[in-house]
Amino acid sequence: MKEKIKGLVKKSLRFVPLSVFKELFPMELTGFFYHAVTNGEMLHVKNLYPPVSAEDFEATLVALKKRYTFVSYADLVAAFEGKAYLPKKAAHLSFDDGFVENYTVVMPILQKLEIPCMFFLTSEWIDNQALFYRSKVSLCVEKVNTMNEAALNASIETIGDDGVTDKDSLLRKVMRFKQEDEDEVSRYCAALGVDTDAYLKEAQPFLSTVQIQEMYAAGFTFGGHSVSHRKFVQLPVERVEAEIVDSCKKIQEITGQKEVPFAFPNSATGFDRKLLTEIREKNVVLGLIFNSKGLLPDEPYLFNRIWMERKLKNGKRTWQAYLKDAYEGFVWDKILNWRR
């Protein structure tokens, strides 16, 4: 009965208007982040989550700029160190993963609207040196969806897995792959004729060192996003520290930044905050840290952000819908912890 009541209370938050949340719980700082904004197709992303169109991205920023004052990473540091105050209704914007569209599509829009931004890069992907297993999955899905029946049947026979007998079962199998299945992902790529090395060379989906340096010279901040984008809770402590610090040192090497911020790949859920504090204190290169849990409070140096591409239960993709979803999570967290 207790769990049933909790479920009803949580569902009831969906009916609370955004204006009521904002009135009852005004936020001093709100973070928004994206991965993929494009004018065209991003085959390495499109079957994982829908990229945002450049038009919709610009319209969202125009609307948010009327309601918030966007601040830079330097502003956040100054406020964190007690050297300055943030303006009322402050907001920060960032991008994860380091797709080349950050340079070709996003930067011109940000410059036009005069909005500061942070870009968090997975260092292994810079200069198109490697492709994430999830991007390989997206390319496999794309290939399956464009194959004729004869080619599809031939690929299924080559794969030779029980349970993979037709297009639907093949797609289900591919979409269920996890990071520890990278060898299997590569085997499926080979069977389907997906040449990931050729794709990296031809599409060049990630930022190059030269593009990063040009963006940095234009006033944008760069941060680490791990070396290989793995889930930290599955890694030994030594590997986690290397994933964080080495990615930040790579950014420092490229940009010359004295201090480099860091954004967790996936999320920091379940990660020991005491350990994170120790890692941060003994590595002077490491700046402020960013996570993906909307409006939830955390350590003073750790800033949560709202993911503006995540699939919501109501199917909406407006900035208001994402903000309201984040408020629902924030209030629900308060309800769960109100006695603590």
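The structure is a predicted model. Strand 5 (residues 90-97) has eight of its eight residues buried, so the rest of the structure largely encloses this strand. Strand 5 pairs in the parallel sense with strand 1, strand 4 and strand 6. The salt-bridge count comes to 14.

**Strand 5 and its partners**

- Strand 1 (residues 29-34) and strand 5 are joined by six bridges, in the parallel sense. Among the paired positions, F32 has L93 of strand 5 as its bridge partner.
- Strand 4 (residues 69-70) also pairs with strand 5 in the parallel sense, here over two bridges. T69 has A90 of strand 5 as its bridge partner.
- Strand 6 (residues 118-121) runs parallel to strand 5, with four bridges between them.

**From strand 6 to strand 7**

- Strand 6 and strand 7 are parallel as well, and four bridges join them.
- F119 has a bridge partner in strand 7, namely F222.

**Helix 4 and its cover**

- Helix 4 (residues 73-80) has Y73, L76, V77 and A78 buried.
- An α-helix has 3.6 residues a turn, so residues three or four places apart point the same way.
- The cover over the buried residues of helix 4 includes strand 1, strand 5 and strand 6. It also includes strand 7 (221-224), strand 8 (260-263) and strand 9.
- G82 follows helix 4 and has a positive phi, near 75°.

**Helix 7 against helix 9**

- The axes of helix 7 (residues 149-159) and helix 9 (residues 182-192) come within 9 Å. They cross at roughly 140°.
- The crossing of helix 7 and helix 9 is right-handed.
- Helix 7 contributes S155, T158 and I159 to the contact. Helix 9 contributes R187, Y188, A191 and L192.
- By class, this contact of helix 7 with helix 9 has four nonpolar, two polar and one charged residues.

**Salt bridge K46–E142**

- K46 and E142 form a salt bridge through their side chains, at 3.4 Å from N to O.
- The pair links distant parts of the chain, 96 residues apart. K46 is in the loop between strand 2 (37-38) and strand 3 (52-53), and E142 is in helix 6 (residues 133-146).
- K46 is partly exposed, at 31% relative accessible area. E142 has 17% relative accessibility and so counts as buried, since the cut-off for buried is under 20%.
- K46 and E142 belong to a network of salt bridges that also includes E41.

**Salt bridge R273–D298**

- The side chains of R273 and D298 meet in a salt bridge, with an N to O distance of 2.9 Å.
- This pair also links distant parts of the chain, 25 residues apart. R273 is in helix 13 (residues 273-282). D298 is in the loop between strand 9 (286-290) and strand 10 (302-303).
- R273 is buried, with a relative accessible area of 19%. D298 is partly exposed, at 30%.

**Salt bridge R310–D325**

- R310 and D325 form a salt bridge whose closest N and O atoms are 2.1 Å apart.
- R310 lies in the loop between strand 11 (306-307) and helix 14 (319-336), and D325 lies in helix 14, so the pair ties together parts 15 residues apart in sequence.
- R310 counts as partly exposed, at 35% relative accessibility. D325 also counts as partly exposed, at 25%.

**V210 in helix 11**

- V210 is found in helix 11 (residues 209-217).
- V210 has 57% relative accessibility, so this residue counts as exposed.
- V210 and I254 are 44 residues apart in sequence. Their C-alpha atoms are 8.8 Å apart in space.

Conventions. Residues are numbered from 1 along each chain as its sequence is written. This is a predicted model: local features need pLDDT of at least 70, side-chain atom pairs count only at pLDDT 80 or more; totals for chains, interfaces and linings use all residues. Side-chain values use heavy atoms; hydrogens and water are left out. Axes are lines fitted to C-alpha atoms, for helices over the stretch in contact, and angles run from 0 to 180 degrees between N-to-C directions. A crossing is left-handed if the near helix is turned anticlockwise from the far one by less than a right angle, and right-handed if clockwise. Contact means heavy atoms within 4.5 Å. Ala, Val, Leu, Ile, Met, Phe, Trp, Tyr, Cys and Pro count as nonpolar, Asp, Glu, Lys and Arg as charged, and the others, Gly among them, as polar. A salt bridge is a side-chain nitrogen of Lys or Arg within 4 Å of a carboxyl oxygen of Asp or Glu. Buried means under 20% relative accessible area, exposed over 50%, partly exposed in between (1.4 Å probe, protein chains only). Two strands pair if DSSP finds at least two bridges between them.
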